Amino acid sequence: MLEIQGASLVSEGDERVEILKNINLKFYDKKIYVVTGPNGGGKSSLAKIIMGVFNTTSGKILLDDQDITKMNITERARLGIGYAFQSPPRFKGIKVKELLKMAASFNPEKENICNLLYNVGLCAQDYLNRDVDASLSGGEMKRIEIATVLARNLKIAVFDEPEAGIDLWSFQKLAETFKTIHMKYDTTIIIISHQERIMELADEIILMSNGMISAQSERDIILAGILNNGSCMCSTKCEKGVGQNAGCAG
Ligand SMILES: Nc1ncnc2c1ncn2[C@@H]1O[C@H](COP(=O)(O)OP(=O)(O)OP(=O)(O)O)[C@@H](O)[C@H]1O
Ligand SMILES: [Mg+2]
């Protein structure tokens with residue numbers, strides 16, 4: 001189980017910004033969680049404190065009762081935590097096949113790299129020898145990064161908006177792939193998403209806004225609430241809750 005206890009995150013810039021506020025969450029083994037909520041709510045920041053990209057300002061993170069709060073990305077990766085970024089980084093001088101082989105080398109089951117590409121809707125012969133650089137489109141890069149996470153037999157896999165920039169056909173395939181990987185490896189999957197179709201995969205949905213957990217419950221309960229109420233980024237409560245910029249003079 002991955003447990004976050006009273007975690008907060010404050011930005012280190014000139015202005016003190018509280019990005020995450022007293023987050024308490026338990027991610028039980030072998031479950032699928034979807035984290036959703038308005039833009040700027042703190043979802044990617046939550047993913048980054050799980051992976052160790054950001055270190056929490058206070059609070060603790062435990063993996064199977066082991067305190068990993070002070071561990072860096074590499075140490076957490078060794079324990080079986082993986083993260084597919086919202087905007088994947090690109091690497092000069094490395095080919096797609098090398099990147100995937102490297103990821104698959106962590107997995108005793110040695111996933112076939114052509115299958116991995118197929119699972120994210122890419123044709124292996126077109127992509128294996130491509131460089132992982134700016135020549136790849138946003139959607140292609142996103143899929144390749146997801147394939148690197150799928151290549152590993154992970155304990156905790158975090159996907160940050162995997163659907164972003166991915167077309168409809170691949171999107172359906174991606175949803176099936178999440179289910180397969182979850183069944184095959186018993187991975188706990190945490191998906192950050194705004195898509196109802198992805199939310200339908202979840203055992204539980206976590207709603208984040210303003211750096212806090214505003215709700216967490218079984219999928220159907222939260223989904224019904226979202227569909228009925230919409231979501232709003234205004235700090236002032238507004239009618240119907242859908243984007244009416246209450247108090248805006250402009
Ligand atoms: N280094 C930083 N300094 C100041 N503010 C930051 C910093 N990093 C993130 N933020 C702010 O923290 C908030 C949460 O950002 P985060 O990227 O976690 O949101 P998100 O829920 O993933 O949004 P989206 O749905 O748009 O991806 C945002 O308001 C963002 O501007
Ligand atoms: Mg984000």
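Here are some questions and answers about this predicted model and the spaces and contacts in it.

This is a predicted model, in which local features need pLDDT of at least 70 and side-chain atom pairs pLDDT 80 or more, while totals for chains, interfaces and linings use all residues. Residues are numbered from 1 along each chain as its sequence is written, chains are lettered from A and ligands numbered from 1 in the order in which they are written, and side-chain values use heavy atoms, with hydrogens and water left out.

Q: Which helix gives the most residues to the shell around ligand 1?
A: Let's start with the shell itself, where a residue is near a molecule if one of its heavy atoms lies within 4 Å of it. Ligand 1 is surrounded by 13 residues, with Gly40, Gly42, Lys43, Ser44 and Ser45 the closest. Helices (H or I, at least four residues) and strands (E, at least two) are DSSP runs numbered from the N terminus. With 3 residues, the top contributor is helix α1 (residues 43-51).

Q: What distance separates the side chain of Ser45 from an oxygen atom of ligand 1?
A: A polar contact is a pair of N or O atoms within 3.5 Å; within protein, one must be able to donate a hydrogen and the other to accept it, and residues adjacent in sequence count only if both atoms are side-chain atoms. For an N or O atom in the side chain of Ser45, the distance to a ligand 1 oxygen is 2.6 Å.

Q: How many residues of α1 are buried?
A: Buried means under 20% relative accessible area, exposed over 50%, and partly exposed in between (1.4 Å probe, protein chains only). Among the buried residues of α1 are Lys43, Ser44 and Ser45. Gly52, with a positive phi near 90°, follows the helix. Of the 9 residues in α1, the buried ones number 8.

Q: Which helix supplies the largest share of the lining of the second largest pocket?
A: On a 1 Å grid over the protein atoms alone, a pocket is an open set of points with protein on both sides within 12 Å along at least five of seven lines, a cavity is a set where a 1.4 Å probe fits but cannot get out, and lining residues have an atom within 4 Å of a point. The second largest pocket has a volume of about 500 Å³, and its 21 lining residues include Tyr83, Phe91, Glu145, Thr148 and Arg152, the closest to its centre. At least two lining residues each come from α2 (73-78), β6 (81-84), α3 (96-104) and α6 (138-151). The largest share, 4 residues, belongs to α2.

Q: What is the volume of the largest cavity?
A: The lining of the largest cavity includes Val149, Leu150 and Phe159, and the elements giving two or more residues to this lining are α6 and β7 (156-160). Grid points are joined across faces, edges and corners, and a volume is the space filled by probe spheres set on the points. For the largest cavity, that volume is about 40 Å³.

Q: Is Arg143 buried or exposed?
A: Arg143 sits in helix α6, and its side chain reaches the backbone oxygen of Gly121 at 3.0 Å. Because its relative accessible area is 10%, Arg143 counts as buried.
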